[in-house]
Amino acid sequence: MAVTVVVGSQWGDEGKGKIVDLLATQFNVVARYQGGANAGHTIKWGDKTQVLHLLPSGVFSPGVDCVIGNGVVIDPRALVSEIREVQSLGYELAGRLWVSGNAHCILPYHKALEEIHSSEKIGTTKRGIGPAYTDKVARSGIRIMELVSPDLFSKRIKEELERANAILRAYHRQTLNPEDIISEYSDYGRVLTKYVADTADFLHDAIDSGKQILAEGAQGCLLDIDFGTYPYVTSSSPTAGGACTGLGVPPTSINRVIGITKAYCTRVGHGPFPTELNDGTGAHLRKIGGEFGATTGRPRRCGWLDLMALRYSCRLNGFTELTVTKLDVLSGLDTIKVCTQYEHNGETVPRFINDALSLSKVIPRYEVLQGWKENILGCTDVNELPSAAKNLIDHIQVHTGVPVKIISTGPKRSQTIQLGS
Ligand code: IMP
C-alpha cells in the first residue's frame, strides 16, 4: 500500500505546505489532488521563503516526482509563472513535474464571472475557482489537454466565450476578446505541453512498482463542498476522499491519512466560526502567528481550537495521525481555551454542526487549560516542552482518539518535533 494523504482538518492554512515539504523526501511522488491557485502553501528553508499556489510542495526535494492531478483547476498563467519562479531558484522541473491532461483550466472569463456571482457573498479568493468547477460539472470546461492543442483550444475558447460574454453583457460588465485569450494562453500551452501526462496511469505504475506517494490536499475539511459549512466553502473536496477522485488512486491504496491542525483556529472569508475571538487575544494570535492570507494577504479571523470541529474532521477523513502546527504561537498566554461542546437552542450539542445557519448560532463551551510562559519556538524534542504544552497535546489526543505524531514549533523544516513512526 502506497498512498499517504495530507488533509487540512480546519478551514485551511493549517501549515500543510511545511509538513508536505518536510515529509517529501520520504516519498517518491507528491501529488496535489484538488483546488487551484486559491491555495497558498508557504515553505521556508534556510533563509528562503517560497509560497506555492499550484505546484505540489515536493518541488524543493530534487528526485521527487510532482503531480498535479485531474481534480485540480489550473490557471495556466499562474502555473507557468510559478514554474519559472521555481526553476529560477535552481529546481529543475522537466522530467519530474506531471500535469494531468484531464485537469480543467481557469481562464479569464471564470474570474470575471466570479465577480458577478459569489466573490462578495462567500468572501472567495477571486481566483476563478467556483466558475471553473461549475464548468467542469456542467461539462463545458476546457481541459489542459485542449489548451495544449492549439486548433482545438481556439475553437473551444470561441464557443465558451460566446456564452460567458452573454452573461457579462447582461450584468453590464466588460466582455472579453477571444483573440486576446487565444494568443496569450496558447503561449502557456506551448510551455506546459512537455509536462502533460496521464497522471492516473503514472500513479498506478508508481503504486505497482512499490513507490510511495504523498497526496497533498489544499484548503481544509471544513471548506469541503459537501461537508463544510455550505455555502461558505470552496468548490472542491479537500477531504481524504478527494484524493481518490482528484488523482485516480483507489481507496484501497491509501494506508495513512495525516490530519493537520493548528493549535488554535483560523478562517479567511465569510461563514460561521464558533470559537472566533473578536478581542485582544484574537489580535494577539493574528500578530504572533502572522495570520494573513498567503494568497490574498487578507487578515485571517482567529479563535480557540475547536475540538468539536476537529473530531468531525477526524471521523470524515479517517485520520490515522495528527500533526499539530503553530504550538509556539500560544506561548505566553496565561490560559488557553479549547471548545469541547456547543450549546444550541439551550441544549448541549456534543458534535459539530455543518449547517451554516445553526452553527452561526451555537455558543461554544470551553475547557480552560493552563498556558505556559516559556518560548518554545524551534523546539525539536518533546521533552523540552513545558508540561502545559504537553497537556494541550494530550487533550487533543484524548478528545479525538487520534495520536499526534508531529508537532510544529516554527515555520522552518528544522523547527519540528517528530514523535516516532
Ligand atoms: P474560493 O476557494 O476562492 O472559491 O473561496 C471559497 C472560500 O474558501 C473562501 O472563504 C476563501 O477564503 C476560502 N479559501 C479558499 N482557499 C483557501 C485557502 O487556501 N486557505 C484558506 N481559505 C481558503
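Q219 is buried in this predicted model, with a relative accessible area of 9%, a value that falls under the 20% cut-off for a buried residue. Q219 is found in the loop between β10 and α10.

That loop, which runs between β10 (213-216) and α10 (241-247), also holds P231. A cis peptide bond joins Y230 and P231, and omega of this bond is about 10 degrees.

A positive phi is found at R139 as well, where the angle is near 65 degrees, and R139 too is a residue other than glycine. R139 belongs to the loop between α5 (129-137) and α6 (144-147). Is R139 buried or exposed? With a relative accessibility of 77%, R139 counts as exposed, because the value is over the 50% cut-off. The table sets out the two loop residues side by side.

| Residue | Phi | Relative accessibility |
|---|---|---|
| R139 | near 65 degrees | 77%, exposed |

The aromatic side chains are the next topic. A pair of aromatic rings is described by the distance of the centres and the angle of the planes. How many aromatic pairs does a search of the whole structure find? The search finds 6 of them. One of these pairs is formed by W98 and F202, whose ring centres are 5.6 Å apart and whose planes meet at 40 degrees, so the pair is tilted. Because W98 lies in strand β7 (residues 97-100) while F202 lies in helix α9 (residues 199-208), the pair ties together parts that are 104 residues apart in sequence. F202 itself counts as partly exposed, at 23% relative accessibility.

Y185 and Y188 also form an aromatic pair, which is edge-to-face, with 5.0 Å from centre to centre and 90 degrees between the planes. Both residues lie in helix α8 (residues 178-192), and because they are 3 residues apart there, Y185 and Y188 are separated by about one helical turn. Y185 is buried, and Y188 is buried too.

Which residues do ring pairs link into a cluster? The cluster consists of Y312, Y342 and F352, which are linked by ring pairs.

Conventions:
Residues are numbered from 1 along each chain as its sequence is written. This is a predicted model: local features need pLDDT of at least 70, side-chain atom pairs count only at pLDDT 80 or more; totals for chains, interfaces and linings use all residues. Side-chain values use heavy atoms; hydrogens and water are left out. Helices (H or I, at least four residues) and strands (E, at least two) are DSSP runs, numbered from the N terminus. Buried means under 20% relative accessible area, exposed over 50%, partly exposed in between (1.4 Å probe, protein chains only). Rings of Phe, Tyr and Trp (its six-membered ring) pair if their centres lie within 6.5 Å; planes under 30 degrees apart count as stacked, over 60 as edge-to-face and the rest as tilted.
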